[in-house]
Amino acid sequence: MVGDLDSHDRPCRELTNATGCLVVSVDYRLAPEHPFPAAVEDCVAATRWLGEHAGELDGDPERLAVAGDSAGANLAAVVALEARDRGAPEVAHQALVYPVVDDEVYDSSVENAEGYGLEADVGRWFDECYVGSEVHRANPYLYPMKACDHSGLPPATVLTAEFDPLRDEGIAYAERLSSAGVRVTRRTYEGMIHGFFSMLQEPFDLDAAHDAMALIADDLETSFGE
């Protein structure tokens, strides 16, 4: 519902610098004007295009990863799921920073409901505006936790923040992936709140944000080298 190419320009640039990779930021359609599955369709289309044409941008279509934070992490996880189901393009890695993956109530959504930036009631409002129709709620391309099978998905980096309503669902998704045989790097950043990953410059230049970026870069290098 919120965010655009400019709001996420800094972390995209930092990721480019940390990895030396081509980073493509997708300006997907936003809810409530464009509810589910508009954003999914846009991100899937962009990923499929890159799987065929990344070389035209000096990228390598044989080494393709998806990444995002919050709602963007939901879309990254969904793109990885859709690509597995479709059989193309091959996604080498998924980096998910405090992802939205479920509509169940987790302990952290109660513990961190107020006072830490992302308010739980605001999150529920985002959810209602994005979902559009209740008929979609069982769709794993809306909430990837609802997929019947998580095997065969690409290796994942799943990062969460201690004081984030989304903390526990991110941890649960990491555990679900690991149980399905997916290689997972999982870390919860103590003392951090939702949004910390983008705090890479003054006035909020956080060591934790730079550490998270470096961790993703290391995992990408590992997956691309396999």
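Q: What makes glutamate 162 part of a strand?
A: Glutamate 162 is found in strand E3, which covers residues 156-163. A strand is a DSSP run of E with at least two residues, a helix a run of H or I with at least four, and both are numbered from the N terminus. This is a predicted model, in which local features need pLDDT of at least 70, side-chain atom pairs count only at pLDDT 80 or more, and totals for chains, interfaces and linings use all residues. Residues are numbered from 1 along each chain as its sequence is written, and side-chain values use heavy atoms, with hydrogens and water left out.

Q: Why is glutamate 162 called partly exposed?
A: Its relative accessible area is 27%. Buried means under 20%, exposed over 50%, and partly exposed in between (1.4 Å probe, protein chains only). Glutamate 162 therefore counts as partly exposed.

Q: Which residues does glutamate 162 touch, not counting residues up to four places away in sequence?
A: Glutamate 162 touches Asn112, Arg167, Thr188, Tyr189, Glu190, Gly191 and Met192. A contact requires heavy atoms within 4.5 Å. Threonine 222 lies 60 residues from glutamate 162 in sequence, with 26 Å between their C-alpha atoms.

Q: Why is strand E3 called largely enclosed?
A: Six of its eight residues are buried, so the rest of the structure largely encloses E3.

Q: How do you know which strands pair with E3?
A: Two strands pair if DSSP finds at least two bridges between them. Strand E2 (residues 93-97) is joined to E3 by four bridges and runs parallel to it. Strand E4 (residues 184-193) is joined to E3 by seven, also in the parallel sense. Leucine 159 of E3 is the bridge partner of valine 97, and leucine 159 also stands opposite arginine 187 in E4.

Q: Why are the buried residues of helix H1 said to line one face?
A: The buried residues of H1 (residues 9-19) are Pro11, Glu14 and Leu15. Seen down the helix axis, they fall within an arc of 100°, so they line one face of H1. The arc is taken over the directions from the helix axis to the C-beta atoms. In general, an α-helix has 3.6 residues a turn, so residues three or four places apart point the same way.

Q: What lies on the face of H1 turned away from its buried side, and what covers the buried residues?
A: The face turned away carries the exposed residues Arg13 and Asn17. The cover over the buried residues includes strand E5 (200-201) and helix H7 (207-225). After H1 comes glycine 20, with a positive phi near 70°.

Q: Why is aspartate 218 called partly exposed?
A: Aspartate 218 is found in helix H7. Its relative accessibility of 47% puts aspartate 218 in the partly exposed class. Threonine 19 is 199 residues from aspartate 218 along the chain, and their C-alpha atoms are separated by 8.1 Å.

Q: Why is alanine 38 called buried?
A: Alanine 38 lies in helix H2. At 6% relative accessibility, alanine 38 counts as buried. Tyrosine 130 is 92 residues away from alanine 38 in sequence and 9.4 Å away in space, C-alpha to C-alpha.

Q: Are aspartate 58 and serine 70 buried or exposed?
A: Aspartate 58 counts as exposed at 75% relative accessibility, whereas serine 70 is buried at 17%. Aspartate 58 lies in the loop between H2 and strand E1 (65-69), and its phi is positive, near 65°, in a residue other than glycine. Serine 70 lies in the loop between E1 and helix H3 (71-86), and its phi is also positive, near 60°.
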